Amino acid sequence: MAEGPSDEDAGRDKTPDWQPPSGGSPAPETPQGPPQYGPPQYGPPQYGPPQYGAPQYPPPPGYQPPPGYAPPPPAYAPPPGYQPPGNQPQYSVPAWSPPPADKPGVIPLRPLAVGEILDGAFASIRMNPKALLGLSFVVVLVGQLLILVLNLESRGAGTGARLGAAAATEAVALLQSSIVTGAIVIVIGEAVLGTRLSPGEALSRLRGRIWRLVGLGLLVALLSVLGLALVFVGAIYVFVLLAFATPVFVLEKTTVRAAISRSAELVRGAWWRTFGVGLLGAIVAVIIGGIIQLPFALFAARSAGLFTTTSSADISAGSEVLLTVGRIISGTITTPIIAGTIALMYVDRRMRREGLDLALAQTARERRTRP
């Protein structure tokens, strides 16, 4: 009896091939035109009457043609003022344009413009809100509740306790950001091909790799801090250079070290574009997050007595709760925007540099024809 496909083969059929081309980036090929067909050419044709008989010699010096001969009439030209009939058909050659790119999902499979990257991040949320917003909400909720507990415990404590609470808060934020970004990258990688994933399916693809993903995020943060210790510009440069580390680690399934070197390789030559598009996506997310958090911040300020002459510890605790609720709602929406922008920048870079659009289009066609 023939055996069915193994679990490994089934998983391979469901997951697109994100592996980079072997042997590095392919060199651009010189385009060659189609072969020319037709009879062989033996040189330019010779025109004129055939020459027969004895060779012709030039006339002797001083020879003049007989009088009475006028030069030949000029070629026919229409009389002055003549206009051709007005009912002559007008012919125009239509302008050539390339065929539209295949778009099985949230973006067309070709190199993207800046607006298409940002629109693709929002389109991914509209296409699969359950996975993107659901994953973001759960992870942000857990992280913000831990931060709230740390903030409440550090109220009224000394400077050392507050610094410890701040460091723990940053560690929790890094933990939640690494996990949710990795899961969102998987969801958006499938949204490019028009496929929806549930939150459980996205997390299952990270099984056994979550802590390495967290370690990757920690390593990127440490390298950025080292750059900050040199100069502020150095920190920004390193952070942008490692912007694709998470998509590479998740989609190409590499090691942490390989993900860092691969990200630097992809960003090299497009650092300013990566910086500009990433900054634009972050600005959009900050504006949206600020609008969401504004009413909670106003209520928290009123609860803390900023608009009155009285304040108490209980009211301060209430303001912490209000601010935490605002951060949870804001983070649920802005985290997919930022992660989606990074994921689509990674896809765009690989389409420009390695022709990934051809591989993705082939995968999309196979999925459409699969029974």
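What is the volume of the largest cavity? The largest cavity has a volume of about 60 Å³, a cavity being a set of points on a 1 Å grid over the protein atoms alone where a 1.4 Å probe fits but cannot get out, and a volume being the space filled by probe spheres set on points that are joined across faces, edges and corners.

This is a predicted model, in which local features need pLDDT of at least 70 and side-chain atom pairs count only at pLDDT 80 or more, while totals for chains, interfaces and linings use all residues. Residues are numbered from 1 along each chain as its sequence is written, and side-chain values use heavy atoms, with hydrogens and water left out.

**The cavity.** Select Ile-117, Phe-244, Ala-270, Arg-273, Thr-274, Val-277, Met-345, Asp-348 and Arg-349, which line the largest cavity, each lining residue having an atom within 4 Å of a point. By class, five of these are nonpolar, one is polar and three are charged, where Ala, Val, Leu, Ile, Met, Phe, Trp, Tyr, Cys and Pro count as nonpolar, Asp, Glu, Lys and Arg as charged, and the others, Gly among them, as polar.

**The pocket.** Next, select Ser-177, Thr-181, Phe-239, Ile-338 and Ile-342, which lie nearest the centre of the largest pocket among its 48 lining residues; a pocket is an open set of points with protein on both sides within 12 Å along at least five of seven lines. About 1,500 Å³ of space lies in this pocket, and its lining divides into 27 nonpolar, 19 polar and two charged residues.

**The core.** Now show Phe-244, Val-250, Tyr-346, Val-347 and Leu-360, the residues with the most contacts inside the largest nonpolar core, which has 59 residues; such a core is a set of buried Ala, Val, Leu, Ile, Met, Phe, Trp, Tyr and Cys residues joined through side-chain atoms within 4.5 Å, and buried means under 20% relative accessible area, exposed over 50% and partly exposed in between, with a 1.4 Å probe and protein chains only. Centre on Val-250, which touches Gly-182, Val-185, Ile-186, Leu-206 and Leu-213, not counting residues up to four places away in sequence, contact meaning heavy atoms within 4.5 Å.

**The loop.** Move to Lys-253, in the loop between H8 and helix H9 (256-267), helices being DSSP runs (H or I, at least four residues) numbered from the N terminus. Phi of Lys-253 is near 55 degrees, a positive value in a residue other than glycine, and Lys-253 counts as exposed because its relative accessibility is 54%.

Key:
Helices (H or I, at least four residues) and strands (E, at least two) are DSSP runs, numbered from the N terminus.
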